[in-house]
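Here are my notes on the model you sent over. Have it open while you read.

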Amino acid sequence: MGGGAGSIIASTVIIDGLIDADGVGAISIGFQGAGGGAGGAVVVDAAVLHGTGTISARGGVGGTAATFGGGGGGGGRLWIREQNYESLGSTLTVMVNGGNFGAGGTFGGSGQAGTAFLDPLHWTGLGGNSAASNPGNWSAGVAPLGGGRLVFGASETAKYCLWDLSVVASSVTILPQFSTTVVLASSLTITGSFDMASGTMTAATNRAL
């Protein structure tokens with residue numbers, strides 16, 4: 001069974017528990033293991049988002065069997081939008097990984113990871129390096145996929161950002177509390193507004209904003 005679908009649309013959303021749209025793990029019958037269920041879909045659309053909880057749409061594990069192990073289910077889809085961008089009010093954990101294969105004489109394949117889209121994405125710089133491609137440097141551990149808003153300065157970090165992505169942002173906002181630098185190691189394209197109230201934007205050779 002797959003993970004199903006659910007949506008939360010409200011002015012203020014507080015997630016301190018678990019929203020679970022995981023695919024179900026497969027059963028094991030005799031010589032052939034079944035395939036794991038696919039992760040589902042969760043939509044959260046809020047003016048203000050708070051909480052430290054988890055939103056999960058993981059694929060289910062494949063069943064084990066003597067001859068053929070079942071394949072893992074693919075990860076699902078998360079779409080989380082917050083209209084407010086001036087503060088980072090949530091530290092959510094999101095999970096969309098595929099399920100592991102089930103062991104057997106011939107292993108099944110693991111499920112492909114799903115997609116988590118957060119808008120806006122807040123720069124935190126907590127990923128151990130300064131690369132924009134590192135998911136650990138962004139809110140909820142999700143690197144930009146393109147099409148969303150990017151915000152620098154809503155978290156307490158002062159770590160600079162090395163922009164090394166080729167995705168296109170809908171807008172970029174650098175808030176007054178951001179006191180460090182964004183260095184363009186790749187060109188940065190924005191379809192909408194670029195609002196800079198602090199910090200420094202530096203383009204490396206042959207790079208552009």
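1. Contact here means heavy atoms within 4.5 Å. On that basis, and leaving aside neighbours within four places in sequence, Ser186 is in contact with Trp163, Asp164, Leu165 and Arg207. Ser186 sits in the loop between β15 and β16 (189–190). Ser186 counts as buried because its relative accessibility is 19%, and buried means under 20% relative accessible area, exposed over 50%, partly exposed in between (1.4 Å probe, protein chains only).

2. A quick word on the source: this is a predicted model, where local features need pLDDT of at least 70 and side-chain atom pairs count only at pLDDT 80 or more, while totals for chains, interfaces and linings use all residues. Residues are numbered from 1 along each chain as its sequence is written, and side-chain values use heavy atoms, with hydrogens and water left out.

3. Now the inside. Strands are DSSP runs (E, at least two residues), numbered from the N terminus.

4. Take a look at Trp138. Not counting residues up to four places away in sequence, Trp138 touches, among others, Leu121, His122, Trp123, Phe152 and Trp163.

5. Finally, Met196 belongs to strand β17 (residues 194–196). Met196 counts as partly exposed because its relative accessibility is 35%.

Definitions and conventions:
Helix = DSSP H or I, 4+ residues; strand = E, 2+ residues; numbered from the N terminus.
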